[in-house]
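Let's walk through this one together, starting where two of the chains meet and then moving into one of them. Keep the viewer open as you read.

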Amino acid sequence: MPASRRAATLPLLLFALLAAAPFLGLGEGWMMTLLARGMILGLAALSLWLVVGGAGLVSLGHAAMLGIGAYAVVALDEARITEALVVAPAAIGAAALFALLTGAVALRTAGVPFIMITLAFGQMAFFTAASLAFYGGDDGYTLYARSTLAGGRWLENRLGFHYLCLALLAGAFLFCHLLLASRFGRVLRAARENPLRVQAVGFSPYPYRLLAYGIAGGMAGLAGFLLANATEFVAPSFLAWQRSGELLFMVILGGLGSPFGAVLGALALLLLEEGLGHLTPHWRLLLGPLLVLAVLFLRGGLVGLPAQLAGTRRHG
Amino acid sequence: MVEPVLRLDGLRKRFGGLTVTDAVSLAVAPGEIHAVIGPNGAGKTTLIHQVSGTLRPDAGRVLFAGQDVTGLPLARRARLGLARSFQITSVLPGFSALENVALAVQGRSGSSFRFLRPAAAEAMLNEAAMAALAQTGLAGRAAVPAAALSHGERRQLELAIALAMQPRLLLLDEPLAGTGPEEAERLVALLQGLRGRYAILLVEHDMAAVFALADRVSVLVQGRLLASGAPAAIRADPAVRVAYLGEDEAA
Amino acid sequence: MTAQLLLVQALNGLQFGILLFLVAAGLTLVFGVMDVINLAHGVQYMLGAYLGASLAAATGSFWLGLLLALPATLACGLLLELLVFRHLYDRDHLAQVLATFGVILTLNEAVTLLWGSAPLQVATPALLEGGVTLMPGLQYPLYRLAILAAGLATAGLLWLLVEHTRAGALLRAGASNRPMLAALGVDTGRLFLLVFGLGAMLAGFAGAMAAPILSVEPGMGDSVLILAFVVIVIGGIGSVRGAFLAALLVGLVEVLGRSLLPDLMRLVLAPSPARQAGASIGSMLVYIAMALILAVRPRGLFPARAG
């Protein structure tokens, strides 16, 4: 179908751009660091999109999954286990388990209570991380070294890490597409639109939502694994609720309608923060109002901006 | 006597001090169209909720396909073959007509915990869904999003969804509500076409439609069953005329 | 010793609970009546503390500062309603969460810019300095008792307002059945503005009162906000009575858990791991309690909405 091919053009373009970035004059150290961070947060935002855009549930505690993934790296690092083939699955598993346990309670509600409960569980994880004195407590924990991959120190290599992040982001993006189009995803999307209708044809939305929440948790855990390796430092602030709010904003900024929006939103917000940060140390004073304005006026997100502009021109 | 598909046994439901369903017992035989009529506030909607599983009765039992389903929720009853339509049309507005129906087919055919294969490409789901759409006269509208269908078409779509479940019983809650005369006529013809193939419990306000369709009519007044019998007998029943039909004719 | 410590911590818990209630009451009313989730409510608490502190310093009197902080926070609340919230009533919860999140970022940073990031110290008013002897050998700060009393009195006033006035009847009607408000011909725009302003003022009052016993710093509203969310989720969203009971419960669990668990843990663990485990479980206790209550009653203890 041409429509779906057109929908695939932008993501392909973006991923190609990211792949070529090191050779387009963006290969400097700080730029590569920024791009890696963008891709990792893109992966985290993508996982949150699965919950918000896919299942229609607004979670305000997603940073906890990211942080738990990162703390899994810390825990294994302290035990001198640094093999990525062990560490990454552990990070995914820990975050997914947390998501399943808290999701089992949170998903008994919907709407605003769900928002508040996910926020509360996120806060619980935050306080727990802050009280872990043997992992540095409030001050955080510096890793001895980045994870090794199959025994080799591939992740130390800046290019290698760049492409690892890109490959995982692109893979997760593809996975989200397949998941939403599958039988499972169809039930999930249907339950978002009309839960009663879904029950009337024989599905209870709960297990589908819970599993989606768990999968999203696992993906965020993977992002946490990458983030810990990118910064070689993990602190409770990874789990702060403001981080959850930022992730949510990335999803909305890009556009809730497609997983691509989450990736785009993550990169856009990161660049915006970086740009504002160059202007003033009080950059949040500018970001806050921009955020409010974006919510009030940018209804379709960045992905929907061309259509919105065309619509405005036609009406006004 | 044939084993009924659905049997309600002394259902009772109270809201605060108000008894909305009071000792209601009735049965729907296989292939039978059983209509429940009653004036506004007679408790028809509450009864439907208890049959479909969205409300739990305070007393009594719901037996469906030989099984006590009183404690089962909507989704479990649906999987046993109880398909309901809603008084206020309830479809998936963002899904195409075909995908609306395909979801119902998916509900009865295999696990839906399948994660990577595109559901829209499953020929088996699509064929069964197309068949149900054709049966309700919507074959030409398969690709249209439900939100873009006319009200009458959405009524037909709900029926297609119900049929795609291959149900043992169709529970139709005012299927003609809000339709124009032409649309109503088309829907009645459609329901006529289902006669004998499905057991149907029909709650409907349109008396012409009820007496044209029903094999059996039960009259609900203030939560109680006033009478139950063949349409002709009900029409002739003086108590029913006083309690309900007379009032209707006077209006 | 242990019994006295327990009593002191229980009083601290109640006093913290009553502050939580003042914040949660506005939150639950705003949500119950307008169906709006307002993350920026904690900011009102912070503004109350800062405005109270600054006004006290400017006027030289804690009491004048507290008194002036009320209209000041009310004005802030009304301004926010007109600028931001007004445009969110017909939007979904996601939009409300994000826009109010933006408000938090802005105001936290604005406070940092105006007052600096170092915590502000506010002196206890001379009238309420010192302590009261509750039992032989047990002194309790007078000011904390005063907070408890003032909070209870405010809760009482709020109860009178909600249960025994026409405006209160409208609030209750709105919380249990929103379309009814419009059907009654109520000017919802004005009612919403009023409820929002009242909520903001209550939170501001709590902040201004709490200023002498805690450090006034940017972001201080955030942690209170999250606990207030726990309170209204446990209490049943939209229910003021539920919020009151849940606030006391959360206050007690939070304070007692954090202070007593490290000691309790020493009964089964060595001192150092006991302190560790006690501290982390103590900080999780409120959330565990919430999870347990919701597992049994997903709609909270006193759900306001019927159906």
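This is a predicted model: local features need pLDDT of at least 70, side-chain atom pairs count only at pLDDT 80 or more; totals for chains, interfaces and linings use all residues.

Where chain B meets chain A, the contact takes 27 residues from chain B and 19 residues from chain A; two residues count as in contact if their C-beta atoms, placed from the backbone, lie within 7 Å. On the chain B side, the elements that give two or more residues are α2 (74-79) and α3 (97-108) of chain B. Of these, α3(B) gives the most, with 5 residues. Helices here are DSSP runs of H or I with at least four residues, strands are runs of E with at least two, and both are numbered from the N terminus. Sort the chain B residues that touch chain A by type and you get 17 nonpolar, 5 polar and 5 charged.

Residues are numbered from 1 along each chain as its sequence is written, while chains are lettered from A and ligands numbered from 1 in the order in which they are written.

What about the other chains? Of the 2 pairs of chains that touch, A and C have the most contacts. Chains B and C don't touch, and their nearest C-alpha atoms are 11 Å apart.

Now stay with chain B, which has 9 helices and 10 strands. Its radius of gyration, taken over C-alpha atoms, is 18 Å, close to the 18 Å that the globule rule gives for 251 residues, so chain B is as compact as a globular protein of that length. That rule is 2.2 Å times the number of residues to the power 0.38.

Inside chain B, look for an open sheet of 4 strands in the order β2-β1-β4-β5, with antiparallel pairing; strands pair if DSSP finds at least two bridges between them. The edges are β2 (18-28) and β5 (67-68) of chain B, each pairing on one side only. Further in, 5 bridges join β1 (residues 6-15) of chain B to β4 (residues 59-64) of chain B.

Technical notes
Ala, Val, Leu, Ile, Met, Phe, Trp, Tyr, Cys and Pro count as nonpolar, Asp, Glu, Lys and Arg as charged, and the others, Gly among them, as polar.
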